Amino acid sequence: MKKKIVILPGDGIGKEVTAEGKKVLEKIAELFDHQFEFDEAQIGHDAIEASGNPLPNETLAKLKNCDAILFGAVGHPKYDNDPTLKVRPEQGLLKMRKELGLYANLRPIKLFDELLKASSIKAEILKGSDILFFRELTGDVYFGEKGRKDDGNTAFDLMIYQRYEVERIAHKAFQAARTRKKKVTSVDKANVLESSRLWRQVVTEIGKLYPDVELEHQFVDSAAMKLIQNPRSFDVVVTGNLFGDILTDEASQIAGSMGMLASASVGDTVGLYEPIHGSAHDITGKGIANPLASILSVALMLDISFGLKEESETIIKAVEQTLKAGYRTTDIADSHTDKNKILNTSNMGSLVVEKLEKVTSAQAV
Ligand code: IPM
Ligand code: MN
């Protein structure tokens, strides 16, 4: 198979982790006889420094002309505490999502058994959890009208959803539930918000087209509590952009660490694959970032964008074996971890690549 992949390292640890994702793609190409052609482009703070634009036209042109995107992260501490800066790294990410029509953000929360102890939640509560989030990605307060009035003393962000936006993400969630445990939990705040009442109404209507799938509605505050109280009670969760952003960070604890969670953003055209963690400037340059979320994002890319199920599963198995052998990055290490098996970013990536070879040769016999 011949595919063109654009790598967008972005800011902070984005560069470090996408380098490992790329290593894995190169090895997969070699082992399964595919041709992956790579290109790279700038986004975020780096792009602002270079051209004043967090999503340069040149980058966008490359993205519109490729088969899949591997993205790192955007962000820089300089902007976090300075609201006066008008051009911000995150704008590049949001514009990219909008321009490419990436309206569905899939965030699978699956715990590798080996990491049961890495989470701050009790193992007996977590064991067997397997949740697939569908976070709507191109609507909500993220894209509603925003501004200031009264000499800057009043600020607003409009929470807005249109029927078609809810319909298309709901369809995706129900279709996915059919391949899983056939349950969809729709999360909103319909007791307070009009946009949530539309959300609930539309999801209910779409649900009638999938009578084999159970649909339940939860308010976001209660869902936040139930997620860590009884994560096994969820299968597919569908929710808006803001609630999905918050709930998936919370749910990352079910998977042991933010450093483990991959995501896929899809819509009508190209797919974008990225860890859910951010640029993490506190650890940037130290070589200790966990590359597994980026590597697992590659697994999602192969499966969802290219239909390469076997290759995708090979990556997941290689990650599993790496963990089983006791290797950890610092974020997923615990008091039982052998100190000699705590790896830096690049060594963790190389070890997964080594395991890829072992998994493939074992499958061949
Ligand atoms: C995410 C991030 C982004 C978001 C930021 C960086 C704009 O937190 O992908 O979850 O809020 O969507
Ligand atoms: Mn987030």
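Student: Which helix gives the most to the shell around ligand 1?

Tutor: That is helix 5, covering residues 89-99, which contributes three residues to the shell. Please keep in mind that this is a predicted model.

Student: And which residues surround ligand 1?

Tutor: Ligand 1 is surrounded by E90, L93, R97, R107, R135, Y142 and D245.

Student: What is the distance from the side chain of R97 to an oxygen atom of ligand 1?

Tutor: A polar atom in the R97 side chain lies 2.8 Å from an oxygen atom of the ligand. For Y142, a side-chain N or O atom is 2.5 Å from an oxygen atom of ligand 1. For D245, the distance between a side-chain N or O atom and a ligand oxygen atom is 3.0 Å.

Student: How much of ligand 1 does the protein bury?

Tutor: The ligand taken alone exposes 320 Å², and the protein buries 78% of that area.

Student: Which pocket does ligand 1 sit in?

Tutor: Ligand 1 sits in the second largest pocket. The volume of that pocket is about 790 Å³.

Student: What lines the second largest pocket?

Tutor: Its lining comprises 31 residues, and those nearest the centre are V74, E90, L93, L94 and Y142. Two or more lining residues come from each of strand 3 (68-73), helix 4 (77-80), helix 5 and helix 10 (241-251).

Student: Which of those elements gives the most to the lining?

Tutor: Helix 5 gives the most to the lining of the second largest pocket, with six residues. Helix 5 also gives the most to the shell around ligand 1.

Student: What about the classes in the lining of the second largest pocket?

Tutor: That lining has 12 nonpolar, 12 charged and seven polar residues.

Student: Changing topic, how much space lies in the largest pocket?

Tutor: The largest pocket holds about 970 Å³ of space. Of the 31 residues that line the largest pocket, P108, K110, R180, L300 and I316 lie nearest its centre.

Student: Which elements each supply at least two residues of the lining there?

Tutor: For the largest pocket they are strand 4 (104-110), strand 5 (130-136), strand 11 (262-266), helix 11 (292-304) and helix 12 (309-324). Helix 12 provides the largest share of this lining, namely six residues.

Student: How do the residues of the lining of the largest pocket divide by class?

Tutor: They comprise 15 nonpolar, 12 charged and four polar residues.

Student: One last topic: how many cavities of 30 Å³ or more does the count come to?

Tutor: The count comes to one cavity of 30 Å³ or more. The largest cavity has a volume of about 80 Å³.

Student: Which residues line the largest cavity?

Tutor: The lining consists of D140, M159, Y161, V187, D188, S195, S196, W199, T239, G240, N241 and F243. Strand 8 (183-188), helix 8 (194-208) and helix 10 are the elements that give two or more residues to this lining.

Student: Which helix gives the most to the lining of the largest cavity?

Tutor: Helix 8 does, with three residues.

Student: And the classes in that lining?

Tutor: The lining of the largest cavity has five nonpolar, five polar and two charged residues.

Conventions: Residues are numbered from 1 along each chain as its sequence is written. Chains are lettered from A and ligands numbered from 1 in the order in which they are written. This is a predicted model: local features need pLDDT of at least 70, side-chain atom pairs count only at pLDDT 80 or more; totals for chains, interfaces and linings use all residues. Side-chain values use heavy atoms; hydrogens and water are left out. A residue is near a molecule or strand if one of its heavy atoms lies within 4 Å of it. A polar contact is a pair of N or O atoms within 3.5 Å; within protein, one must be able to donate a hydrogen and the other to accept it, and residues adjacent in sequence count only if both atoms are side-chain atoms. Accessible areas come from the Shrake-Rupley method with a 1.4 Å probe; for residues, only the protein chains shown count as cover. On a 1 Å grid over the protein atoms alone, a cavity is a set of points where a 1.4 Å probe fits but cannot get out, and a pocket is an open set with protein on both sides within 12 Å along at least five of seven lines; lining residues have an atom within 4 Å of a point. A molecule sits in a cavity or pocket if more than half of its atoms lie within 2 Å of its grid points. Helices (H or I, at least four residues) and strands (E, at least two) are DSSP runs, numbered from the N terminus. Grid points are joined across faces, edges and corners, and a volume is the space filled by probe spheres set on the points. Ala, Val, Leu, Ile, Met, Phe, Trp, Tyr, Cys and Pro count as nonpolar, Asp, Glu, Lys and Arg as charged, and the others, Gly among them, as polar.
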